[in-house]
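I opened this notebook to record what I looked up in the structure. The entries follow in the order of the look-ups.

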Amino acid sequence: MGQITLQGVQKSFGPVHIIKGADLDIADGSFVVFVGPSGCGKTTLLRLIAGLEDVTGGAILIDGKNVVDTPPAKRGLSMVFQSYALYPHMSVRGNIGFGLKMAGLAKDEINRKVEAAAATLNLTPYLERKPRELSGGQRQRVAIGRAIVREPKAFLFDEPLSNLDAALRVQMRIEVTRLQKQLGTTAIYVTHDQVEAMTMADKIVVLNGGKIEQYGSPLQLYERPANLFVAGFIGSPKMNFVTGESAAQKGAATIGVRPEHLKIERDGGGGWQGTIAVAEHLGSDTFLYVDAGPLGMLTARYIGELSLHAGDRVSLVPDPARIHRFDQSGNALRN
Amino acid sequence: MATRQTQFLARSLLSPAVGLLFIWMIVPLALTLYFSTLHYSLLDPGSEEFVGLENFRYFLTDPAFLASLQNTLVLVGSVLALTILLGIPLALLLDQPVVGRNFVRLMVIAPFFVMPTVSALVWKNLLMHPVSGLFAWLAKLVGLTPIDWFNDVPLFSVILIVAWQWLPFATLILLTALQSLDEEQKEAAEMDGASAVSTFIYITLPHLARPITVVILIETIFLLTVFAEIFVTTGGGPGLQTTNIAFLIYSQALIQFDVGSASAGGLVAVVIANIVAFFLVRIVGRNLEA
């Protein structure tokens, strides 16, 4: 079991409020991603759950028990650090088995468990090596092995893939997701990369300035962002925001349209007129950055190749069903 | 710029400095080698003559030689043990966030900046003096008989003084090493359920293996040649109890005025230092390989 509940969790460092009251319900076995810009408090929130920081206020329940005063090791969680934090002088076997050794398990039982974990992660040939003799991806797997061998109630991942190169990151992303599904253990994963968040999560927590902006499944966040921040943060390229008259016509202070929901027409059609400032041709997609005069820069995405170039005039027609409306304070307006 | 030219330039610019250092080293060594084969006594000037290895035989068969060799090894070993065993807890303490940490660090490091002669004098006259010393006053305060340090435990007293001087060095090296210990590693150990003691044994101590090696190697080099502290406090005595190799050579040359024998002793000391260095590198040098 690994059900984690946060009730009004607060954290301040002196006069600085990092977490301004977080309420969250994480179901057993789910994969939850904390995402947000740098300094939004996502890592702090993870460390509060881990017990590496003490909460200033509120309660953290693991399987219904408040663990605020429980030391990290007794919370039954295990953590994968951004730097991996492998013990450099211990072999892979020693690293993975350290937690079990500290728990006072018998030697042969430790060996059995370590070898099982190593087999799951394809680390068996490297068991006797030192961390410095491993590649980045292998070190990453050792760090994960150290986490899974203790059969925790939940895994905590602190930006574990940020030190890997792009190709390896995609591969490890898939491996981590598959491993989590296979073990069925609750996982909390911190990242600033929204692609990681969208692809790995069952549910995403979007954090900004120490507050939870929205909590929901990736597609909920994409299709029904709760406010301007989430709308702008989720999705790449960013959503276009238009204020003024076009927004007022829809009865909103701001309207948002995703680049993929703008229909591109030759000049003279309806919608918003503009001149292409930059055109990016990726083959699979074409991104147009359009200078739309008083509306500012708009981004449009076309799936496939579109032979338009900088300087061409175009009109962009938003898909009326997919216009997001926001009120004065930035909250989404629902019909 | 072609590599060959830059290499030539580098070598020609380096050569004056290297040459000067080489002369600085080779002239005294050659002269010592030369003197060690002469009968050369300052009490009997003008009678220098070639005596072969006679000086070496004289120095090595001198009963003072074995005594001083033993003193040297005891001194080096004890000071190493004291500085490392006290240096580790001290470094751990100084690594803690306390009020006025920078000031405390400065105070701990201070003994290293005191000249050996001065610190030996301070210890001899202000601290260890059997009549007017601080230790004697403390002993009398609790009704004990003051210890006459340099008569009753002369070698131990010298060890205390030298260890006091070298403790800051060991502490400083270990402290910088502690500060480079990855915070996340300690947190990982905490998550793994390691107690403070286990974290120290399994994480901190292995991390300190390399700086400890550095401390042992560097201190050994300097401790083999401790002289000023002995000269100022005990003058090698009582008897031979605090005479180490360095002091023995000094007494050969400038108390007995036998330059030939002292030169031979100097060369013996070089050989001993090399033997010690060889074993040290074999035993602890493995830690230095990355």
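**Entry 1: a helix pair in chain B**

I looked up the axes of α3(B) and helix α8 (residues 154–179) of chain B, which come within 6 Å and cross at roughly 40 degrees. Axes are lines fitted to C-alpha atoms, for helices over the stretch in contact, and angles run from 0 to 180 degrees between N-to-C directions. Helices (H or I, at least four residues) and strands (E, at least two) are DSSP runs, numbered from the N terminus. I noted that the contact of α3(B) with α8(B) has 22 nonpolar, five polar and no charged residues.

**Entry 2: model and confidence**

The model is predicted: local features need pLDDT of at least 70, side-chain atom pairs count only at pLDDT 80 or more, and totals for chains, interfaces and linings use all residues. Residues are numbered from 1 along each chain as its sequence is written, and chains are lettered from A and ligands numbered from 1 in the order in which they are written. I recorded ipTM 0.80 and pTM 0.77 for the model. For chain B the mean pLDDT (the predictor's confidence in each residue, from 0 to 100) is 86, and 97% of its residues reach 70 or more. Among the elements of chain B, helix α3 (residues 63–94) has the highest mean pLDDT (91) and strand β2 (residues 49–50) the lowest (81).

Methods. Ala, Val, Leu, Ile, Met, Phe, Trp, Tyr, Cys and Pro count as nonpolar, Asp, Glu, Lys and Arg as charged, and the others, Gly among them, as polar.
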